[in-house]
Amino acid sequence: MALITTPFGFRSTAAEVAAGIDLAGKRAIVTGASSGIGIETARALASAGAQVTLAVRNAQAGSTAAAEIAATTGRDDVAVAALEVTEPASAAAFASTWKGPLDILINNAGVMRTPEQRTPQGWELQFATNHLGHFALACALQEALAAAGSARIVAVSSSAHLYSPVVFDDLHFRFRPYDPLLAYAQSKTAVILFAVGATARWGAVGITANAVNPGAIATNLQRHVGGKLVTPPEHQKTPEQGAATSVLLATSPDLEGIGRRYFDDCNEAPTVDHRNAAGTGVASYALDLSNAHRLWDVSEALLADA
């Protein structure tokens, strides 16, 4: 199967990717959209004509972001809704208020390399935030996505997934010594497997999902690692550039009906069987359908017991 390539690349911005795209009449949700690549993703979708809802933890920050997007796009219909992605009840409450079809869901919110923390359910925080919360949200919104007829989910992952598969026998580091990087890596592998599983299970009703590595961008995500990127400056992106691949997957006609893939720098990444020094490609274990089905079943069971 040939890799999907586009005219865009490392330095492309979300605005450049969305140029010429007409999203009039489309509805989109972006989680974690009050700052960083989230707000830039939402801005680009709104600029292309979509009605965008910012799903955020901090309502005040969300309102500020919505006002900024409105000022720069001329759209006055940017909505803000509360979502605490680590709480299954919050995802259910968010979905219960959604009326009508949903065309685009951007699972963007996340945490990175946090100190060891657990949710009230005993779940490791990074796995709970980056994967389980978005899994719960997407499942709760599945009927709205299906009602759109041709909906897209964009799952924001990371090249860090190359450091760890999903360790099914110890998802929450109850036996292994906790390692912030390995916990982050596992959660980002889970994000990719969600995209694989969602397309496999929901593709027949018009829902496809793809995963994205946005690249190295200096945002609030790095607050637990000293607030600085270790990536050389020439390999870093601005938030506008970091949002480009998410916007591509959400809008490009070339991705219509296509899912179960992983993109970086606006192009599909090759599958690799080992981690190289540059950290490029997507690990074969992250695209494995049997792993995706296993993770789906485990995630459903965890949420059922929550």
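User: Buried means under 20% relative accessible area, exposed means over 50%, and partly exposed lies in between (1.4 Å probe, protein chains only). By relative accessibility, is threonine 189 buried or exposed?

Analyst: Threonine 189 counts as buried, because its relative accessibility is 0%. Please note that this is a predicted model, in which local features need pLDDT of at least 70, side-chain atom pairs count only at pLDDT 80 or more, and totals for chains, interfaces and linings use all residues. Residues are numbered from 1 along each chain as its sequence is written, and side-chain values use heavy atoms, with hydrogens and water left out.

User: Where is threonine 189 found?

Analyst: Threonine 189 belongs to helix α7. Helices (H or I, at least four residues) and strands (E, at least two) are DSSP runs, numbered from the N terminus.

User: And what does threonine 189 touch?

Analyst: Leaving aside residues up to four places away in sequence, threonine 189 touches His161, Ser164, Pro165, Val166, Tyr285 and Ala286. Contact here means heavy atoms within 4.5 Å. With serine 164 there is also a polar approach: a polar atom of the threonine 189 side chain lies 2.7 Å from the backbone oxygen of serine 164. A polar contact is a pair of N or O atoms within 3.5 Å; within protein, one must be able to donate a hydrogen and the other to accept it, and residues adjacent in sequence count only if both atoms are side-chain atoms.

User: On to aspartate 170. Where is its place?

Analyst: Aspartate 170 sits in the loop between β5 (151-156) and α7 (180-202). Its relative accessible area is 7%, so aspartate 170 is buried. The side chain of aspartate 170 reaches the backbone nitrogen of arginine 174 at 2.8 Å. Not counting residues up to four places away in sequence, aspartate 170 touches Phe175, Arg176 and Gln186.

User: Arginine 176 lies over the face of which ring?

Analyst: Arginine 176 lies over the face of phenylalanine 173, at 3.8 Å from the ring centre. A charge sits over a ring if NZ of Lys or CZ of Arg is within 6 Å of the ring centre and within 35 degrees of the ring normal. Lysine 237 is likewise placed over the face of phenylalanine 10, at 5.1 Å from the ring centre.

User: How many aromatic pairs does the structure hold?

Analyst: There are five aromatic pairs. Rings of Phe, Tyr and Trp (its six-membered ring) pair if their centres lie within 6.5 Å; planes under 30 degrees apart count as stacked, over 60 as edge-to-face and the rest as tilted. One of the pairs joins phenylalanine 135 and tryptophan 296, edge-to-face at 4.8 Å centre to centre with 80° between the planes.

User: Which helices do phenylalanine 135 and tryptophan 296 lie in?

Analyst: Phenylalanine 135 lies in helix α5 (residues 125-140) and tryptophan 296 in helix α10 (residues 289-304), so the pair ties together parts that are 161 residues apart in sequence. Both of these residues, phenylalanine 135 and tryptophan 296, are buried. Phenylalanine 173 and tyrosine 178 also pair edge-to-face, because their ring centres are 5.4 Å apart and their planes stand at 75°. Phenylalanine 173 and tyrosine 178 are both buried.

User: Which residues of α10 are buried?

Analyst: In α10, the buried residues are Ala292, Leu295, Trp296, Ser299 and Leu302. Seen down the axis of α10, they fall within an arc of 135°, so they line one face of the helix. The arc is that of the directions from the helix axis to the C-beta atoms. Among the elements that cover these buried residues are α5 and α7.

User: What about α3: which of its residues are buried?

Analyst: Gly62, Ala65, Ala66 and Ile69 are buried in α3. Their arc down the axis of α3 is within 105°, so these residues line one face of the helix. They pack against α2 (36-47), β2 (51-56) and β3 (79-82), whereas Gln60, Thr64 and Ala71 on the other side of α3 are exposed.
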